[in-house]
Amino acid sequence: MERPSEDELSFARERIRARLAFSMDSPSKLGQIYGLSQLLMNDPGRLISIIEDATKVGTTEYVDFVDKLLDRSISIIYR
């Protein structure tokens with residue numbers, strides 16, 4: 001698996017920050033973020049903190065950071 005270049009990571013960080021800032025300005029989008037975070041992580045603020053952490057990770061740690069997040073099993077049960 002090829003690691004992203006510093007330019008690619010820098011571009012991704014800026015997009016993440018811009019999308020988060022845009023979402024924080026909209027009550028409905030912010031509600032979606034908190035709702036998804038509560039549903040998938042049982043913590044309404046966890047998703048925002050993960051997004052913020054993703055913008056601080058260096059190039060060498062980025063793939064490991066993402067792998068760790070995707071390694072979690074998520075089960076949704078409809079009743």
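Predicted model: local features only at pLDDT ≥ 70, side-chain atom pairs only at ≥ 80, totals over all residues.

Visitor: Which pattern does the protein follow along the sequence?

Guide: The secondary structure comes to four helices and zero strands. Read from one end of the sequence to the other, the pattern is therefore written with helix symbols alone, given that helices and strands are DSSP runs numbered from the N terminus. That pattern is α-α-α-α.

Visitor: What percentage of the residues in the protein is buried?

Guide: The C-alpha trace spans about 45 × 30 × 15 Å along its principal axes. The protein exposes about 6,200 Å², of which carbon and sulfur atoms supply 55%. A residue counts as buried under 20% relative accessible area. Of the 79 residues, the buried share is 23%.

Visitor: Which residues does Tyr62 contact, leaving aside its neighbours within four places in sequence?

Guide: Tyr62 belongs to the largest nonpolar core. In soluble globular proteins, nonpolar side chains tend to be buried together. With the neighbours within four places set aside, the contacts of Tyr62 include the core members Leu9, Ala54 and Val57.

Visitor: What accessible area do Leu36, Leu39 and Leu40 have together?

Guide: Leu36 lies in helix 2, residues 27-41. Its relative accessible area is 44%, so Leu36 is partly exposed. Leu36, Leu39 and Leu40 form a nonpolar patch on the surface, and their accessible area together is about 270 Å².

Visitor: Is Ser23 buried or exposed?

Guide: Ser23 has its place in helix 1, residues 6-24. Not counting residues up to four places away in sequence, Ser23 touches Lys29, Leu30 and Ile33. Because its relative accessibility is 14%, Ser23 counts as buried.

Visitor: How far apart are the closest N and O atoms of the salt bridge between Arg13 and Glu6?

Guide: A search of the whole structure finds two salt bridges. In the one that joins Arg13 to Glu6, Arg13 is buried because its relative accessible area is 13%. Glu6, at 43% relative accessibility, counts as partly exposed. The closest N and O atoms of this pair are apart by 3.5 Å.

Visitor: What is the N to O distance in the salt bridge of Glu14 and Arg17?

Guide: Glu14 and Arg17 are three residues apart in helix 1, so about one helical turn separates them. Glu14 counts as partly exposed at 46% relative accessibility, and Arg17 counts as partly exposed at 39%. Their side chains meet in a salt bridge with an N to O distance of 2.9 Å.

Visitor: What is the phi of Asn42?

Guide: Asn42 lies in the loop between helix 2 and helix 3, and at 62% relative accessibility Asn42 counts as exposed. Most residues other than glycine have a negative phi. Asn42 is not a glycine, yet its phi is positive, at about 60 degrees.

Visitor: How far apart in space are Glu61 and Arg19, C-alpha to C-alpha?

Guide: Glu61 is found in helix 4 and is partly exposed, because its relative accessible area is 42%. Glu61 and Arg19 are 42 residues apart in sequence. From C-alpha to C-alpha, their separation in space is 22 Å.

Visitor: Among contacts between residues at least 6 apart in sequence, what percentage joins residues at least 24 apart?

Guide: Contact here means heavy atoms within 4.5 Å. Among contacts between residues at least 6 apart in sequence, the share joining residues at least 24 apart is 51%.

Methods: Residues numbered from 1 in each chain as written. Heavy atoms only, no water. Patch = residues over 30% accessible without salt bridge, like charges linked within 9 Å, V, L, I, M, F, W, Y side chains within 5 Å. Areas by Shrake-Rupley, 256 points an atom, 1.4 Å probe, with all protein chains shown as cover. Salt bridge = Lys/Arg side-chain N within 4 Å of Asp/Glu carboxyl O. Helix = DSSP H or I, 4+ residues; strand = E, 2+ residues; numbered from the N terminus. Buried < 20%, exposed > 50% of the residue type's maximum accessible area, 1.4 Å probe, protein only. Core = buried A, V, L, I, M, F, W, Y, C linked by side-chain atoms within 4.5 Å.
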